[in-house]
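This report covers a protein model with DNA.

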Number of protein chains: 2
Amino acid sequence: MSDTITPGTRAATIRDVAALAGVSIGTASKALNGRGKLRPETRERVAAAARQLGFQPNTLARGLLRGRTFTVGLVTSDSFGRFSIPVMLGAEDALGAGQISVFMCDTRDDPIRERHQVQTLLARRVDGILVTGRRTEPRPSIGTDLPVPVVYAMTQSADPNDFSVIPDDIGGGELAVRHLLATGRTRIGHITGPQRFLAARQRADGMAKVLDDAGLQAAGGAAFFGEWSEEWGRQGADILLRTQPDVDAIFCGADQIARGVAETLRERGRRIPDDVAVIGFDNWEAMALGSRPPLTTVDMNLHKVGRVAADHLLAAIGGQPIGGGVEEVECELVLRESTGPISQPLTPDPND
Amino acid sequence: MSDTITPGTRAATIRDVAALAGVSIGTASKALNGRGKLRPETRERVAAAARQLGFQPNTLARGLLRGRTFTVGLVTSDSFGRFSIPVMLGAEDALGAGQISVFMCDTRDDPIRERHQVQTLLARRVDGILVTGRRTEPRPSIGTDLPVPVVYAMTQSADPNDFSVIPDDIGGGELAVRHLLATGRTRIGHITGPQRFLAARQRADGMAKVLDDAGLQAAGGAAFFGEWSEEWGRQGADILLRTQPDVDAIFCGADQIARGVAETLRERGRRIPDDVAVIGFDNWEAMALGSRPPLTTVDMNLHKVGRVAADHLLAAIGGQPIGGGVEEVECELVLRESTGPISQPLTPDPND
DNA sequence: GCCAGACAGGAATAGGTTTTCCTTAATCGC
DNA sequence: GCGATTAAGGAAAACCTATTCCTGTCTGGC
């Protein structure tokens, strides 16, 4: 309409491009999207105009038209903490490949806020929603009959009709303890987080299962549940050493705990790993590498958890129905020095 | 057009609401937005219809029309790490109040990827862009003549026409050392990160300034630059203790370093804080609280950095022009036991 | 020379909302 | 009782793009 355009660069529309190239809007659209029958020369003229104007097609208009926005919402209740971030990055990897942008929402653990954010996402017509969080107990579903698919990652919906991707904590516990057994330990204690955390119980279950198969029992009779803190690691190790002085390995439910355990062991004169092996959980590098010696630990593959969840969401968006259920992603053992000498690290044998 | 609607709940449009309420589309819009002249009875009828259908106005259409999307892009090069997350949450606080949603983009430190993401954001017609990063190091501008305002937070644009919000690292260094002087320390060493980091140099500058004013000098003559790691903290403390055995305080450029320093001090038989006071930087709670004793440290107020940056961005979106420049947010000292007994913590004196 | 078909590009529509302008009916003032 | 004003709500344009359908022109075949 008016020729007086604000000094600040104003985003060009396809109308501007068409005018500059001397064609109609429809033709410009076809030229830019490689559709229709056009002379190569015309296509090039439109492309040049678009380049000159720095044209970027307005995604809103496109979304309105096609009924797909190529966006998803990411709702987290972990304040984007240590756990949800790798998940998020994994998801972004999977989604970014499909040109999908991510709206992030932090619920601050407030259900009201969460409901509101889901409403907002729906108003923005996201194509799907990813819910992530800190893994405690299964959480209430964010909505049973939403118009878009939903996938839970690193947290689990209480509604069996929802689909969740979580780490295999039982398997992680098994992995850790199998490694300890394989390196000759038999008097193995377990110091871990609060019992109300499903993850803590499952890791302990995994441990119990492997010990049981080997005809053994946990040192101290059962897992020591406490907190996810170094301080508890120190206390727990203290108790364990007093009641089970002959313990030769400690499996910890978190790297923070392992770190506290390691400190107490050293102060009590136990050498790691010679006298007592220590193994952590999470592979939180700042903790695991800062510890002395560096911690062998179980990595939950959170990046993969995020990627798998996003892949499922993409499939669902693409129309492939997802039933309810849970998919577990395997954990991985990361070997460092707290459980024994590293046998020939990654460098290949020069004689080979 | 067709009456055969897919079984899956389909988002209701204002047309459905209008039909159900028996009014025209325009009237429905006015009723829902409190505009125009309508009978209260009609308004209520429309509202009821909207409630019944779970109507959420399509934000795409609205954005298309009004030229504002109520979204901003958040571009980070920190992989949403320890520093950018508090910034992000602060920003979300400020933006959420204005009903603004956030697109998150992680550049993975790849300039190509970054350019691409900025293009995508512009195509999505965000109202503004927030750029955040790991450290305050000046970085290349994301674009000099973008059609939307840009604010940098916790990172700094090399272009003086851009606006950046960063923590006041010099002030943080001053704060730390002034506290040490106030508690009677005079032989103060400084162990910190790599010299190529502006933040490291500025913290050292703040320290030097305060010492200078007091007629003192750093123990060891100057700051010990190294790495942001516990290992370097241990090494650095070792060196410092050998060359300056009478040191009575160590200011560390990061909590990780402080933690390593504290460990070495204890192993060399120095009591903290009685013989040597230790002070960290970052207030990374997992580190600061796990250390023994818990670390006094400098908190960069990252949440506030994010909030302030977002406030500026909002103002700019609202039309208020921002010039280039840098705004610094004050640091804050968090007192814990590594610099002396906590004098009557937060609980008020019962005799008062 | 005329018709069929290909070729190049234009016109129009849809998508959902907001806003401006209009229409209709009712009320007021004299 | 009649013109003028107000109340209540409808019709249509605008935002920007992709697509479908349509028009006009040119070429080739007979």
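## A strand pair across the interface

A:V102 has B:M104 as its bridge partner in β2(B). The pairing of β2(A) with strand β2 (residues 101-106) of chain B is antiparallel and spans 3 bridges. The model is predicted.

## The interface of chains A and B

On the chain A side, 52 residues are in contact with 51 residues of chain B. Between them the two chains bury about 4700 Å². Carbon and sulfur atoms give 49% of that area. Three residues stand out: A:L60, A:M104 and A:R124 supply 15% of the area that chain A buries against chain B, more than any other three residues.

Polar links cross this interface as well. The count is 37 residue pairs in polar contact between chain A and chain B. Eight elements of chain A each give two or more residues to the side that touches chain B: α4 (59-66), β1 (71-76), α5 (84-96), β2 (101-106), α6 (111-123), α9 (230-243), α10 (255-267) and α11 (285-290). By class, that side of chain A holds 21 nonpolar, 16 polar and 15 charged residues.

## Salt bridges

Side chains of opposite charge can pair when their charged atoms come close. Over all chains, the whole structure has 51 salt bridges. Across the interface of chain A and chain B there are 16.

A:E230 and B:R259 form a salt bridge, with their closest N and O atoms 2.5 Å apart. This pair crosses between chains: B:R259 sits in helix α10 (residues 255-267) of chain B, and A:E230 sits in helix α9 of chain A. A:R108 and B:E92 also meet through their side chains in a salt bridge, at 3.2 Å from N to O.

## DNA strand C

Around DNA strand C there are 28 residues, of which A:S24, A:T27, A:K30, A:T42 and B:I14 come nearest.

For A:R39, a backbone N or O atom lies 3.0 Å from a phosphate oxygen of DNA strand C. For B:S29, an N or O atom in the side chain is 3.1 Å from a phosphate oxygen of DNA strand C. A base is approached too: a polar backbone atom of B:A61 is 3.4 Å from a base nitrogen of DNA strand C. The elements giving two or more residues to this surface are α2 (25-33) and α4 of chain A, together with α1 (14-21), α2 (25-33) and α4 (59-66) of chain B. Of these, α2(B) gives the most, with 5 residues. The surface near DNA strand C comprises 11 nonpolar, 9 polar and 8 charged residues.

## DNA strand D

DNA strand D has 23 residues around it. A:I14, A:R62, B:T27, B:K30 and B:T42 come nearest.

Which atoms approach its phosphate oxygens? A polar backbone atom of A:I14 is 2.5 Å from one. A polar side-chain atom of B:T27 also lies 2.5 Å from a phosphate oxygen of DNA strand D. From B:R39, a polar backbone atom is 3.0 Å from a phosphate oxygen of DNA strand D. Here α2 and α4 of chain A, together with α2 and α4 of chain B, each give two or more residues to the surface. The largest share, 4 residues, comes from α2(A). By class, the surface near DNA strand D has 9 nonpolar, 8 polar and 6 charged residues.

## A sheet in chain A

Chain A also holds an open sheet of 6 strands, in the order β7-β6-β8-β9-β10-β12, with mixed pairing. Which strands stand at the edges? They are β7 (224-225) and β12 (332-334), and each has a single partner strand, so one side of each is left without a neighbour in the sheet.

Within the sheet, strand β9 (residues 277-281) and strand β10 (residues 296-299) of chain A pair in the parallel sense over 3 bridges. One residue of this sheet to look at is A:I279, whose bridge partner in β10(A) is A:T296.

How values were computed:
Residues numbered from 1 in each chain as written. Chains lettered and ligands numbered in written order. Predicted model: local features only at pLDDT ≥ 70, side-chain atom pairs only at ≥ 80, totals over all residues. Heavy atoms only, no water. Contact = heavy atoms within 4.5 Å. Buried area = accessible area lost by both parts, 1.4 Å probe. Salt bridge = Lys/Arg side-chain N within 4 Å of Asp/Glu carboxyl O. Polar contact = N/O pair within 3.5 Å; in protein donor to acceptor, adjacent residues only side chain to side chain. Nonpolar A, V, L, I, M, F, W, Y, C, P; charged D, E, K, R; others polar. Pairing = 2+ DSSP bridges. Near = heavy atom within 4 Å.
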